[in-house]
Amino acid sequence: FPEPSVTRREAISLYSAYTAAQLKKITQDHRPLRPGDLSYDDFVNDPYHIPIETYIVRILKLTYAEPACALVALQLLRRLCRAPGAFEITTVNVHRLVFVSVMLASKTLRDVPFNNKFWSRVSGTYDITALNRMELEMLAVLEWNVSVPRETFELEHAAAMAYANPT
């Protein structure tokens, strides 16, 4: 995928800011989980105190992922929202969905991807079993289609550039 004619650091910042802004549009507000809630134990360690843009930057930097992974992950999340029987992206689950979608995007774009043990360590939150489960669940909803057509990526890239440089 083409990268903007900027440095890697600038591309990470640009794509992360755009992806976070788009995610805010599709993320449903949800009250914070509390002890006693049905899924509290599942989400208690999620890093939802970290702003999503900061979280995306962190993932890209720690995994040496291509900045384009942010835009590919955004496309996967949009597809996830449109899938039959899919769940909604909420303020409670957005971090884990972003993490798994960036992981899938990176695995798609790299010739030799990192394994889930590496990704589990980078997350600092998800053990290997939980990460494997989340990956399989997302892949099943996406019907194992994690490719993003070049035209779609280029449109997303253009939108990110326009977001960064409003006229």
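Select tyrosine 64 to begin: Tyr64 is exposed, with a relative accessible area of 58% (exposed means over 50%, buried under 20% and partly exposed in between, using a 1.4 Å probe and protein chains only). Before you move on, note that this is a predicted model, in which local features need pLDDT of at least 70 and side-chain atom pairs count only at pLDDT 80 or more, while totals for chains, interfaces and linings use all residues. Residues are numbered from 1 along each chain as its sequence is written, and side-chain values use heavy atoms, with hydrogens and water left out.

Stay on Tyr64 for its backbone. Its phi is near 55°, a positive value in a residue other than glycine. Most residues other than glycine have a negative phi. Tyr64 sits in the loop between H3 and helix H4 (68-82).

**The whole chain**

Now zoom out and colour by secondary structure. You will find 8 helices and 0 strands (helices are DSSP runs of H or I with at least four residues, strands are E runs of at least two, and both are numbered from the N terminus). Buried residues account for 47% of the 167 residues in the protein. Take the contacts between residues at least 6 apart in sequence: 78% of them join residues at least 24 apart (a contact means heavy atoms within 4.5 Å).

**Helix H6**

Then visit the ends of H6. Asparagine 115 caps the N-terminal end, with a side-chain oxygen 3.1 Å from the backbone nitrogen of lysine 117. After H6 comes glycine 124, with a positive phi near 70°.

**Where H3 meets H6**

From H3, Arg58, Ile59, Leu62 and Thr63 make the contact, and from H6, Phe118, Trp119, Val122 and Ser123 do.

**Helix H8**

Go on to histidine 157 in helix H8. His157 is buried, with a relative accessible area of 17%. Its side chain makes a polar contact with the side chain of tyrosine 15, at 2.6 Å (a polar contact is a pair of N or O atoms within 3.5 Å; within protein, one must be able to donate a hydrogen and the other to accept it, and residues adjacent in sequence count only if both atoms are side-chain atoms).

Tyrosine 163 is also in H8 (residues 150-164). Is Tyr163 buried or partly exposed? Tyr163 is partly exposed, with a relative accessible area of 43%. Select its partners too: Tyr163 touches Ala17, Tyr18 and Ala21, not counting residues up to four places away in sequence. The C-alpha atoms of Tyr163 and Ala17 are separated by 8.8 Å, although the two residues are 146 residues apart along the chain.

**Last stop**

Finish at tryptophan 144, in the loop between H7 and H8. Trp144 has a positive phi, near 60°, in a residue other than glycine. Trp144 is exposed, with a relative accessible area of 55%.
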